[in-house]
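Subject: Structure handover

Hello,

Here is the structure we talked about. Please look through it alongside my notes below.

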Amino acid sequence: MAERRVRVRFAPSPTGPLHIGGVRTALYNYLFARQHGGDLIFRIEDTDSNRFVPGAEDYIIESFKWLGIKFDEGVSFGGNHGPYRQSERREIYKKYVKQLLDTDKAYIAFDTPEELDAKRQEIPNFQYDAQTRGLMRNSLTMPAEEVERLINEGHQYVVRFKIEPGRDVLVNDIIRGEVSINSSILDDKVLYKSADELPTYHLANIVDDHLMEVSHVIRGEEWLPSAPLHVLLYEAFGWADTMPTFAHLPLLLKPVGNGKLSKRDGDKLGFPVFPLEWHDPKSGEISSGYREKGYLPQAVVNFLALLGWNPGTEQEVLSMEELIQLFDLSKCSKAGAKFDYVKGVWFNHQYLLKQTDEEWTPAFDKILKENGIESTPAKEAQVVSMMKQKVVEYQDNLSGQIKKRNISFVSDLWPLCKFFFVAPDSFDKEDKFIKKNWKENAAADMTELAALLEGLDDFSVEGQKQVVDAWAEQTGKKPWNAWRVCLVGAGQGPDMYELAAFLGKEETLARMKNAIATLG
């Protein structure tokens, strides 16, 4: 028998923005497919029409384009197994619902929500199953003529899967090994609803996975309880030989405390849980996204790949090509993975440093324009070159303390380099740096240095350094910090010669004269 082609799928519901946990699931599917030379299918699960949110599908597709996760077929990508939206596959599902009914693997139930609620009140821990189905209004307890009459009269009904109790159902999982669940604890799940003529998740996914020749189902741990039901459905259809291999991924957990990662955690600690910014069409609420926060897509991919999986080496910074080569589902953790958002910032810093100065400039130029600054790419690249290795202060949302870290986002540059483009217009005489370095002789020293600089024809770093170093050595003066006060107005910035060369002679002298006049 020929080896089966690897085909995996990612099937989100268009009910809102794509959660970062869903992004990781799609990424693992992508890495697995690419490693095995297989296919990645993009399917939309929209059988629950009440939860549909306009714009969500486009948002999901745009997210994957930004991240560089490419699909081989599916919604908006084409392919030979379409349609790929479940809402467009109604007639296909009806055929398989009929097959289950005809083979006595499923039955029709007319119980109303009120009747079900009453039964829940009557029986503690009520479950619609082999023990209780005989007490309910369904095709197993009603004459066939009455069932037909109710259907013809338009009474709403559901189709339930008929699960036989007392059997150990085995699920072979790449990550968790063999999982055994007794069928007696499973309820007769609803597979189809006449109200909208659509199947539920359970039936639609089994039919789609089979018809689209899916070889592996890689999904979140939260779907593990559904796996035995899906095994039984494959058997009921006679498809046991083509049943996919399962892999249930560990949950993404809160950075602090217990439980699954939520949007509230991100809001509280100041990190996004969505790949792109999301504008809720119903509430108008805007949720932050990794792209808009300044993360690089390669950094997000690398960060997510190592949440719940590791290659077994010390290497952390891994390109997409390296991830594809090293990825191994069997090395995924069974336990949930804490969402270390600080590590995500570290990854972004690593990938920013891999970029050339010129690659920083589009994002930097946008920030400058937002602050009313017009510059040139060449000038912006110069600033990036001088400042990208600096350290920035930030408030840690967990402890509330002011901490320091390397520049990890292009947006970190602005507070550190505003002085490149805007001259200090005032000086705080109580500022520690100014107080310490603007002594009684500072104005005289700066006047002397300004005169020296004014006489230079060559204002390059080398031209300044040659003359000013000689003057400092001859006079014993140490003008550097007072000069920084003049040009920056604070104790920050690059080498003074580099800064003055960037500003140019005219701007440098103007700032010095202003500081001398203001500080005295």
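First, a definition: two strands count as paired if DSSP finds at least two bridges between them. Helices (H or I, at least four residues) and strands (E, at least two) are DSSP runs, numbered from the N terminus.

On provenance: this is a predicted model, in which local features need pLDDT of at least 70 and side-chain atom pairs count only at pLDDT 80 or more, while totals for chains, interfaces and linings use all residues. Residues are numbered from 1 along each chain as its sequence is written, and side-chain values use heavy atoms, with hydrogens and water left out.

**Strands**

Start with E4 (residues 106-109). It pairs with E5 (residues 158-161) over 4 bridges, in the antiparallel sense. Within that pairing, alanine 106 sits opposite phenylalanine 161 of E5. Ala106 and Ile108 point one way from E4, and Tyr107 and Ala109 point the other way. All of these are buried. Buried means under 20% relative accessible area, exposed means over 50%, and partly exposed lies in between (1.4 Å probe, protein chains only).

Next, the parallel sheet. It is open, has 3 strands and runs in the order E1-E2-E3. E1 (7-10) and E3 (73-74) are the edge strands; each has a single partner strand, so one side of each lacks a neighbour in the sheet. E1 and E2 (residues 39-42) run parallel and are joined by 4 bridges. Arginine 9 has isoleucine 41 in E2 as its bridge partner. Strands of a sheet pair through backbone hydrogen bonds, either parallel or antiparallel.

Helix H1 (residues 20-35) lies across E1 and E2. It runs at about 165° to E1. Axes here are lines fitted to C-alpha atoms, for helices over the stretch in contact, and angles run from 0 to 180 degrees between N-to-C directions. Contact means heavy atoms within 4.5 Å.

**Helix pairs**

Two pairs are worth a look.

H6 (residues 201-211) packs on H7 (residues 227-237) at about 55°, with the axes 10 Å apart. That makes H6 oblique to H7. The classes are: under 35 degrees roughly parallel, over 145 roughly antiparallel, 65 to 115 roughly perpendicular, and the rest oblique. The crossing of H6 and H7 is right-handed. For handedness, a crossing is left-handed if the near helix is turned anticlockwise from the far one by less than a right angle, and right-handed if clockwise. H6 contributes Tyr201, His202, Leu203, Ile206, Val207, Asp209 and His210 to the contact. H7 contributes Leu229, His230, Leu233, Tyr234 and Phe237. By type, the contact of H6 with H7 has 8 nonpolar residues, 3 polar and 1 charged. Ala, Val, Leu, Ile, Met, Phe, Trp, Tyr, Cys and Pro count as nonpolar, Asp, Glu, Lys and Arg as charged, and the others, Gly among them, as polar.

H19 (residues 480-487) and H21 (residues 505-519) pack at about 95°, with their axes 8 Å apart. That makes H19 roughly perpendicular to H21. On the H19 side, the contact uses Trp483, Val485, Cys486 and Leu487. On the H21 side, it uses Thr508, Arg511, Met512, Ala515 and Leu519. The contact of H19 with H21 divides into 7 nonpolar residues, 1 polar and 1 charged.

**Loops**

Which residues does serine 194 contact, beyond its neighbours within four places in sequence? They are His155, Gln156 and Tyr157. Serine 194 sits in the loop between E8 (190-193) and E9 (198-199). It is buried, at 17% relative accessible area.

Glutamate 197 is in the loop between E8 and E9. Its phi is positive, near 55°. Glutamate 197 is partly exposed, at 37%.

Aspartate 104 has a positive phi too, near 60°. It lies in the loop between H3 and E4. At 43% relative accessibility, aspartate 104 is partly exposed.

Glycine 82 and proline 83 are joined by a cis peptide bond, with omega about 0°. Proline 83 is in the loop between E3 and H3 (90-102). For context, most residues other than glycine have a negative phi, and most peptide bonds are trans.

Last, lysine 260. It falls in the loop between E12 (252-253) and H8 (263-269). Not counting residues up to four places away in sequence, lysine 260 touches Glu222, Leu251, Leu252, Leu253, Lys254 and Asp265.

Best wishes
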